[in-house]
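Visitor: I am new to this structure. Please take a close look at how charged side chains pair here, and then at one set of neighbouring strands.

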Amino acid sequence: MQPRVSETLVGLGVISETQLNDALALQRAQGGRLGAILMKLGFVTEDQITKALAERLGTPALNLAERHADLDVLRLVPMEVALKHELVPLERAGATLRVAMADPTDMLALDEIRFMTRLNVEPVLAAESAVVQAIGQWYSVAEEDARKKHLQDLVGFIDAEHAASVELKAEEEVALNLASLDKTAGEAPIIRLVNYILLDAVRRGASDIHLEPYERQYRVRYRIDGILQEVMSPPLRLRDTVTSRVKIMARLDIAEKRLPQDGRIMLKLQNESGRKQIDLRVSVLPTLYGEKIVMRLLDKENLQLDMTRLGFEPESLAKFQKAIFKPYGMVLVTGPTGSGKTNTLYSSIAQLNKPEINILTAEDPVEFQMPGINQVQMKEQIGLNFAAALRSFLRQDPNIILVGEIRDVETAEIAIKAALTGHMVFSTVHTNDAPSTVNRLMNMGVEPFLVATSVHLICAQRLVRRLCPACKVTEHPALKALSEAGFTPEEIGRVESYRPRGCPACQGRGYKGRVGLYEVMETTDEIREMILAGASAFDLRRRAIDQGMVTLRRSGLIKIAAGITSLEEVIRETVA
């Protein structure tokens with residue numbers, strides 16, 4: 001960034017002279033663009049820099065979302081150069097090449113493009129994130145087009161002998177790439193691309209990042225509010241170097257391509273509110289066309305420890321809190337992967353976390369570190385599983401024990417015996433609803449009398465997307481649809497439901513954030529007698545509803561009537 005732009009930022013009151021001097025000092029010490037340093041220090045946002053550049057140049061920023069890739073023009077500038085200088089070629093008119101840039105005043109970049117293309121270069125302003133996203137999307141289109149043309153050329157003359165020689169060369173190339181993988185992964189363009197993917201996922205509020213190689217495509221997807229969305233498709237030839245870069249960051253073996261690997265990345269960010277730390281849980285899985293990577297983003301700031309804000313209905317919350325404050329027994333939370341069970345358990349032990357209480361947790365993996373709580377990471381490869389950890393916990397004078405998951409009868413029996421001998425035990429089980437958890441434990445081999453006497457409460461849960469409050473609109477669904485969903489005739493006449501529309505605040509999705517649906521079944525004396533008599537999940541469910549249990553579907557209908565979520569979301573996640 002040129003000094004005149006920084007002066008514009010000072011003149012607009014976006015940054016102070018002191019902040020500018022601090023950034024200049026850091027630039028002299030570390031190098032790099034001044035704009036990037038100002039953002040790194042948290043002094044400005046990307047929008048503020050773009051507006052300052054627009055005012056300095058006297059021209060508005062170009063909206064790249066409305067533009068399409070010109071494949072012939074893209075071939076003039078390699079993707080590595082485009083990423084290096086954060087620019088993307090737009091169009092060519094005679095001897096003039098028009099490029100969109102995050103910083104059109106970067107004369108070094110302009111000179112390199114002129115020297116490379118032998119063309120006059122006309123720069124236009126665009127937001128940095130839009131430029132990097134356009135690079136990823138447009139160059140993937142160009143890569144696919146070049147691949148198709150190359151295949152068409154090969155089909156005409158390759159015979160069996162040529163095919164054998166091509167296969168041999170391919171093997172040599174793989175070995176060569178493997179030897180230089182560490183070096184190529186350290187190049188700035190790949191680092192920038194991976195950093196952009198990570199930061200963009202954080203900015204969008206994604207919970208998972210998927211890097212997926214296919215035969216003819218390399219796809220990047222984010223899971224946002226529980227739904228996967230494709231965000232870019234980088235060139236297929238970057239697959240190995242991107243994979244290598246992620247594995248280096250996660251301290252994994254870049255030479256091992258045949259076995260699954262798990263690692264962790266610690267990401268430190270600087271934003272408007274200050275520094276924040278995000279842990280990324282990395283899983284690498286060999287697939288048919290390369291290694292698929294999934295990164296789970298664990299942001300402690302998003303961990304909701306206030307149980308009143310999770311989505312419990314008042315009567316369900318009262319039952320849950322009554323159970324967790326008992327001196328001994330067991331509380332089970334059930335639901336599929338990604339339904340928020342860990343958050344519910346963490347919020348429970350956070351309420352109980354006091355200096356006079358000893359809390360031990362066995363987790364696989366430890367997702368969030370909580371002060372004052374002794375957390376143990378499971379390591380199956382050395383024999384440290386849930387059952388082994390539980391045995392050791394009982395010799396550690398615990399008051400409260402959290403077991404990440406009950407997977408087998410051994411873990412179940414040790415947990416139940418702990419609950420019956422003066423300890424409070426929290427754990428999770430994978431079942432569809434609360435009543436079926438009882439049958440699941442007995443199917444594992446746990447005796448009915450142990451289940452009936454140890455389990456105080458079972459909570460089933462799901463997560464549904466919240467409607468964006470800025471753009472949700474009233475809808476008038478058919479009476480039949482409301483009736484089939486579970487609303488009574490009296491409720492149908494007065495319920496007002498909403499549907500998503502989409503706006504800039506929710507990035508056009510119509511939803512922003514998620515809320516829990518909860519089904520809380522108390523183990524009353526009558527329920528205990530039914531468990532001892534071997535009652536079915538259906539009978540337990542019917543009796544619990546008669547005693548006032550709010551089902552998952554009813555919890556969803558309450559949130560529809562409150563304007564929190566939509567009818568489609570509740571139907572997608574629950575059954576009547």
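Guide: In this predicted model, Glu 91 counts as partly exposed because its relative accessibility is 33%, which falls between the limits of 20% for buried and 50% for exposed. The partner of Glu 91 in a salt bridge is Arg 98, and the closest N and O atoms of the two are 3.2 Å apart. In general, side chains of opposite charge can pair when their charged atoms come close.

A second pair consists of Arg 75 and Asp 72, whose side chains meet in a salt bridge with an N to O distance of 2.9 Å. Asp 72 is exposed, since its relative accessible area is 55% and the exposed class begins over 50%. Arg 75, at 40% relative accessibility, counts as partly exposed.

Arg 572 and Glu 569 form a salt bridge in which the closest N and O atoms are 2.7 Å apart. Both residues lie in helix α24, which spans residues 567-573, and the 3 residues that separate them correspond to about one turn of that helix. Arg 572 is partly exposed, with a relative accessible area of 41%, whereas Glu 569 counts as buried because its relative accessibility is 2%, under the limit of 20%.

Salt bridges also link several residues into a network, made up of Arg 239, Asp 240, Lys 247, Lys 257 and Glu 291.

The strands centre on β5, residues 218-224, which is mostly covered: 6 of its 7 residues are buried. Strand β4, residues 206-213, pairs with β5 in the antiparallel sense over 7 bridges. Within this pairing, His 210 has Arg 221 of β5 as its bridge partner. The two strands β4 and β5 form a hairpin, with 4 residues between them.

Strand β5 also pairs with β6, residues 227-232; the two run antiparallel and are joined by 5 bridges. Here Val 220 stands opposite Met 232 in β6. β5 and β6 likewise make a hairpin, with 2 residues between them. In that turn, Asp 225 has a positive phi of about 50°. Strand β5 therefore pairs with β4 and with β6, as two strands count as paired when at least two bridges are found between them.

Methods. Residues numbered from 1 in each chain as written. Predicted model: local features only at pLDDT ≥ 70, side-chain atom pairs only at ≥ 80, totals over all residues. Heavy atoms only, no water. Buried < 20%, exposed > 50% of the residue type's maximum accessible area, 1.4 Å probe, protein only. Salt bridge = Lys/Arg side-chain N within 4 Å of Asp/Glu carboxyl O.
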